[in-house]
Amino acid sequence: MARAKRVIEATTDPLDAMLVRLQLSGIRDQLDSLLDEAARANLSARETLILLCEREIARNDIAASRWR
């Protein structure tokens, strides 16, 4: 737990820090482009959250398949 706290303290962007703490690296790495995509598609907040989760799941599935 101490490691996560240090990461949060070292980060100036609170959203970035939360994504690190939640281990959502797929969303964190592509956040700006994903939000741009959601804005271009005129997605609601709920639809945007679904998009972010779908991309994170897809990234995790790809990473998991590489370990098999």
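**Charged side chains and their pairing**

A: In this predicted model, E56 is found in helix α4, which spans residues 45-67. E56 is buried yet takes part in no salt bridge. The nearest side chain of opposite charge belongs to R59, 5.6 Å away, whereas a salt bridge requires a side-chain nitrogen of Lys or Arg within 4 Å of a carboxyl oxygen of Asp or Glu. Leaving aside residues up to four places away in sequence, E56 touches Q23, L24, S25, G26 and I27.

R59 has a partner elsewhere: its side chain meets that of D29 in a salt bridge, at 2.9 Å from N to O. Because D29 lies in helix α3 and R59 in helix α4, this pair ties together parts that are 30 residues apart in sequence. D29 is partly exposed, with a relative accessible area of 47%, and R59 also counts as partly exposed, at 34%.

By the rule applied here, the count comes to three salt bridges. One of them joins E37 and R55, whose closest N and O atoms are 2.8 Å apart. E37 is in helix α3 and R55 in helix α4, so the pair links parts 18 residues apart in sequence. E37 is partly exposed at 28% relative accessible area, and R55 is partly exposed at 32%.

R28 and D16 form another salt bridge, at 2.6 Å from N to O. Since R28 belongs to helix α3 and D16 to helix α2, this pair ties together parts 12 residues apart in sequence. R28 counts as partly exposed, at 37% relative accessibility, while D16 counts as buried, at 18%.

How values were computed:
Residues numbered from 1 in each chain as written. Predicted model: local features only at pLDDT ≥ 70, side-chain atom pairs only at ≥ 80, totals over all residues. Heavy atoms only, no water. Helix = DSSP H or I, 4+ residues; strand = E, 2+ residues; numbered from the N terminus. Buried < 20%, exposed > 50% of the residue type's maximum accessible area, 1.4 Å probe, protein only. Lys, Arg positive; Asp, Glu negative; His and termini not counted. Contact = heavy atoms within 4.5 Å.
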